[in-house]
Amino acid sequence: MKIKKVIPYLLVFLASFLITPYIITSFIKKAHNKAQEYSQNFSPNTAKLKDGTYNGCFRYFIFTFSKVEFEVKDGKIKNIAFKKMFHSPGSPYKKDIEAQIKRTKLLEVNAISGATRTSNFAKAALKNAIVKNSK
């Protein structure tokens, strides 16, 4: 008799356990698609940017997936820091993207193997910073 009362609770638990990862994965895919769409054809000309500090972010729904701050001096990137970056736990992607920009002193972000989503979130935040500052 007690087992019959527990079965509905077990079914709800199992259903939520199986459905939740699908919902989260689907949400992240949608956010990635929006970031990719927003940053499509984004190739900033760093030499044309005014000197100063730029701040930007990429948000989807109410969640911030990437947040960046960088400084431009004489048409080159002097400093950059991604304050927030959505990526796989334990992955070095955020540091890899920052290092790539610091090394080239340009805002061109080439997709890093295995980090396509992270790269697109980074591009979207960079574009947002430039668009905000150009107003």
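The axes of helix α1 (residues 2-38) and helix α3 (residues 116-133) come within 8 Å and cross at roughly 50°. Here axes are lines fitted to C-alpha atoms, for helices over the stretch in contact, with angles from 0 to 180 degrees between N-to-C directions. That angle makes α1 oblique to α3, the class left over once angles under 35 degrees (roughly parallel), over 145 (roughly antiparallel) and 65 to 115 (roughly perpendicular) are set aside.

Before going on, note that this is a predicted model, where local features need pLDDT of at least 70, side-chain atom pairs count only at pLDDT 80 or more, and totals for chains, interfaces and linings use all residues. Residues are numbered from 1 along each chain as its sequence is written, and side-chain values use heavy atoms, leaving out hydrogens and water.

Which residues of α1 meet α3? Among them are Ile-28, His-32 and Tyr-38 in α1, while the α3 side includes Phe-121, Ala-124 and Val-131; contact means heavy atoms within 4.5 Å.

Now step back to the whole protein. There are three helices and three strands, counted as DSSP runs (helices H or I, at least four residues; strands E, at least two) and numbered from the N terminus. Along the sequence they follow the pattern α-β-β-β-α-α. The C-alpha atoms fill a box of roughly 80 × 30 × 20 Å, taken along the principal axes. Of the 135 residues, 33% count as buried, meaning under 20% relative accessible area with a 1.4 Å probe and protein chains only.

Key:
Buried < 20%, exposed > 50% of the residue type's maximum accessible area, 1.4 Å probe, protein only.
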